[in-house]
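Here's a quick look at a protein chain and a few of its side chains. Have the structure open while you read.

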Amino acid sequence: MSIDLNNMSKDELTKLIKDAEKALKTIETRRLSEAKKAAESAAKEYGFSLDELLGGQPKKGSKSEPKYKNPADPSQTWTGKGRKPNWVNDALAAGKNMDDLKI
């Protein structure tokens, strides 16, 4: 592809620059996504998540470690602060106590 820049107007050159910058951003975004997928795949191959390999970044907004977990779904946790999640209320209504939910 050959572009004769000397015969282009200022407006055409400006548009070309903007289009090229947009194309570069698109390529960078796509390559970043591909790199992340490849890293996740490699981590999964060894039985880890990418977050585990990167030091397990804490969840946004949570500064306390979880103290309780849902026995039916261990991925659901609660720090014991703030409003009780529905799964805690359901477990208590089913006859469990808070000690049964401790991690």
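Let's start with asparagine 70, which sits in the loop between β1 and β2 (77-78). Keep in mind that this is a predicted model. Asparagine 70 has a relative accessible area of 10%, so it counts as buried. Its side chain makes a polar contact with the side chain of glutamine 76, at 2.5 Å. If you skip the neighbours within four places in sequence, asparagine 70 is in contact with Gln76 and Trp87.

Now for the charges. Side chains of opposite charge can pair when their charged atoms come close. Here the count comes to two salt bridges:

| Lysine | Aspartate | N to O distance |
|---|---|---|
| Lysine 15 | Aspartate 19 | 2.9 Å |
| Lysine 102 | Aspartate 99 | 3.8 Å |

Lysine 15 and aspartate 19 both belong to helix α1 (residues 10-45), where they are four residues apart, or about one turn of the helix. Lysine 15 is exposed because its relative accessible area is 53%, while aspartate 19, at 39%, counts as partly exposed. In the other pair, lysine 102 has a relative accessible area of 46% and is therefore partly exposed, and aspartate 99 reaches 56%, so it counts as exposed.

Last, the greasy bit. Tyr46, Phe48, Leu53 and Leu54 make a nonpolar surface patch of about 490 Å². Leucine 54 is found in the loop between α2 (50-53) and β1 (68-69). Is leucine 54 buried or exposed? Its relative accessibility is 57%, so it counts as exposed.

Note on methods. Residues are numbered from 1 along each chain as its sequence is written. This is a predicted model: local features need pLDDT of at least 70, side-chain atom pairs count only at pLDDT 80 or more; totals for chains, interfaces and linings use all residues. Side-chain values use heavy atoms; hydrogens and water are left out. Patches are made of residues with over 30% relative accessible area and no salt bridge: like charges are joined within 9 Å, nonpolar side chains (Val, Leu, Ile, Met, Phe, Trp, Tyr) within 5 Å. Accessible areas come from the Shrake-Rupley method with a 1.4 Å probe; for residues, only the protein chains shown count as cover. A salt bridge is a side-chain nitrogen of Lys or Arg within 4 Å of a carboxyl oxygen of Asp or Glu. Helices (H or I, at least four residues) and strands (E, at least two) are DSSP runs, numbered from the N terminus. Buried means under 20% relative accessible area, exposed over 50%, partly exposed in between (1.4 Å probe, protein chains only). A polar contact is a pair of N or O atoms within 3.5 Å; within protein, one must be able to donate a hydrogen and the other to accept it, and residues adjacent in sequence count only if both atoms are side-chain atoms. Contact means heavy atoms within 4.5 Å.
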